[in-house]
Amino acid sequence: MPAGYSAKTMEGAILAPGQRRSTWAAAFMVSCLALACGIGDDEVPPAGREALQSVSLVGEGIDDAEAERLMALGYVETVPEGEGDEPDGARTLDASRVQPGLDFYVNAHLCSADLIDAEGELLRSWRHEPCLKWGNAVLTQDGEVVVIHRRPGDTAEESFRARRVLKLGWDGEQLWSADVPAHHDLDLLPDGRVAVLTYRHRLIPRIDPTIPVRDHYVAMLSAEGELLEEVSISEILEASPDVFRFRSRRPREHEGSLEIDSIHSNSIEWMRSDSLARQNPLYATTNFLLCSRNQNALIIIDWSSKRAVWSWGQGTLSGPHDATVLPSGNILVFDNGLNRRYSRVLEVDPRTDEVVWSYSATEPRSFFSSHRGAAQRLVNGNTLITDSAGGRAFEVTAEGQVVWSYLNPNRSEAGDRVVIVRMRRVRQLDAEAPEFAWSD
């Protein structure tokens, strides 16, 4: 969070860094909600009125059975009929407060990644066939794309063998392919290696003696896509009982057979700040941050010792996605809110386990993504939020005002709006060359 950040606003209520919630503050926020505090209808996109507000961090609207049901469902690839019917493309609401840059995002159903400008104009698109769906993708500094790719496959075995990591050039040509059972997310390390989430089915008697567990792994690839190492996340967590406590999950039917998806990791980010590493061992450059949807947890893991060193979120998060480390050392996470049926974005300080900032809609259930979802803190202090299930993204200020929004114009063959897996703001360093940097 930027220095000098102001937590005082008349448009909503937030938590400032280091500030603890108090009884009087909670009473004020309840009163504010009762009086419908928020920004005016003329300042926001048609998709709904967003503003910062205080939300209970535990126990609000808890419905574990409903959360379990939603966790067992597969991800949908298009927006349900009757939702997201506002005009396609970009809408700038306050140009003076928008973080400049380009936006890179993935269309899972179309197996494509698009680069657009602030007006929504398509500048470049990447595709690769044959393809069933894409997971997250990263646009490199050199304008190349590294992406989770899945070919068509009907059975569980075919699905397993259909997964890979692809690296595509600026012009879309395939540079390499790594045949690993990749899913959800990957990250590029400073030395060129690629950390990617993978999975395998195996029996874990402690969990169930007969039903296989979909165990998640972290695979390390070389800069050329060669598999160097692969380690079970379950084994890492089992070796760290002082840091992490497993929550049991019910079996589900998936791709024609029963399995237990106990972890469902969906994002991975490597620690890469030498400055933070010198301040606190949580940020050691041998560590990475993992987000587990089915454990409702964020976990920092030391790759060198294969042990968890920090975890947080159980009892607070519900089906979270896309955890990222901010320059301040705080962690930003998209909290889907499966047990509340509304989503929010939280910023937590892992050194104190305090939530220091939160965002949700003024009308909470107008913003709910039951799957996927992402959030990126921008250079100017704004936050770019991906409402995946709504097929949209929007940028909010630190005070919660929506200053830019985008509704995905891409459609399926049936004419339905395609969901956005994740959007990231990038800066083009040279207008004449494909050289980029993340806008955070």
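Visitor: How many disulfides does the rule give here?

Guide: The count comes to one disulfide. Please keep in mind that this is a predicted model.

Visitor: What makes Cys-111 and Cys-131 a disulfide?

Guide: A disulfide asks for two cysteine sulfur atoms within 2.5 Å. The S to S distance between Cys-111 and Cys-131 is 2.0 Å, so the pair meets the definition. In general terms, a disulfide is a covalent bond between the sulfur atoms of two cysteines.

Visitor: Which hand does the link have?

Guide: The link of Cys-111 and Cys-131 is left-handed, with -85° about the S-S bond.

Visitor: Why is Cys-111 called buried?

Guide: Buried means under 20% relative accessible area. Cys-111 has 2%, so the word applies. Cys-131 is buried too. Cys-111 also has a positive phi of about 50°, although it is not a glycine.

Visitor: Is Lys-306 buried, partly exposed or exposed?

Guide: Partly exposed is the term for values between the buried limit of 20% and the exposed limit of 50%. Lys-306 has a relative accessible area of 22%, so it is partly exposed. This residue sits in the loop between E18 and E19, and its phi is near 60°, a positive value in a residue other than glycine.

Visitor: What is the order of the strands in the open sheet of four?

Guide: The order is E16-E17-E18-E19, with antiparallel pairing. Strand E16 (265-270) and strand E19 (307-312) stand at the edges: each has a single partner strand, so one side of each is left without a neighbour in the sheet. From one strand to the next, the twist averages 25°.

Visitor: How do you know that E17 and E18 pair?

Guide: Pairing needs at least two bridges. Strand E17 (residues 287-292) and strand E18 (residues 297-302) have six, so they count as a pair, in the antiparallel sense. For instance, Leu-289 has Ile-300 in E18 as its bridge partner.

Visitor: What is the volume of the largest pocket, and which residues are closest to its centre?

Guide: Its volume is about 1,200 Å³. Of the 45 residues in the lining, the closest to the centre are Asp-187, Leu-188, Glu-269, Arg-272 and Trp-438. Elements that give two or more residues to this lining include E6, E16 and helix H5 (274-279). By class, there are 24 nonpolar, seven polar and 14 charged residues.

Visitor: How many cavities does the search find?

Guide: It finds two cavities of 30 Å³ or more in the whole structure. The second largest cavity has a volume of about 30 Å³. Its lining is made up of Phe-104, Tyr-105, Val-106, Ala-137, Arg-422, Met-423 and Arg-424.

Note on methods: Residues are numbered from 1 along each chain as its sequence is written. This is a predicted model: local features need pLDDT of at least 70, side-chain atom pairs count only at pLDDT 80 or more; totals for chains, interfaces and linings use all residues. Side-chain values use heavy atoms; hydrogens and water are left out. Buried means under 20% relative accessible area, exposed over 50%, partly exposed in between (1.4 Å probe, protein chains only). Axes are lines fitted to C-alpha atoms, for helices over the stretch in contact, and angles run from 0 to 180 degrees between N-to-C directions. On a 1 Å grid over the protein atoms alone, a cavity is a set of points where a 1.4 Å probe fits but cannot get out, and a pocket is an open set with protein on both sides within 12 Å along at least five of seven lines; lining residues have an atom within 4 Å of a point. Grid points are joined across faces, edges and corners, and a volume is the space filled by probe spheres set on the points. Ala, Val, Leu, Ile, Met, Phe, Trp, Tyr, Cys and Pro count as nonpolar, Asp, Glu, Lys and Arg as charged, and the others, Gly among them, as polar.
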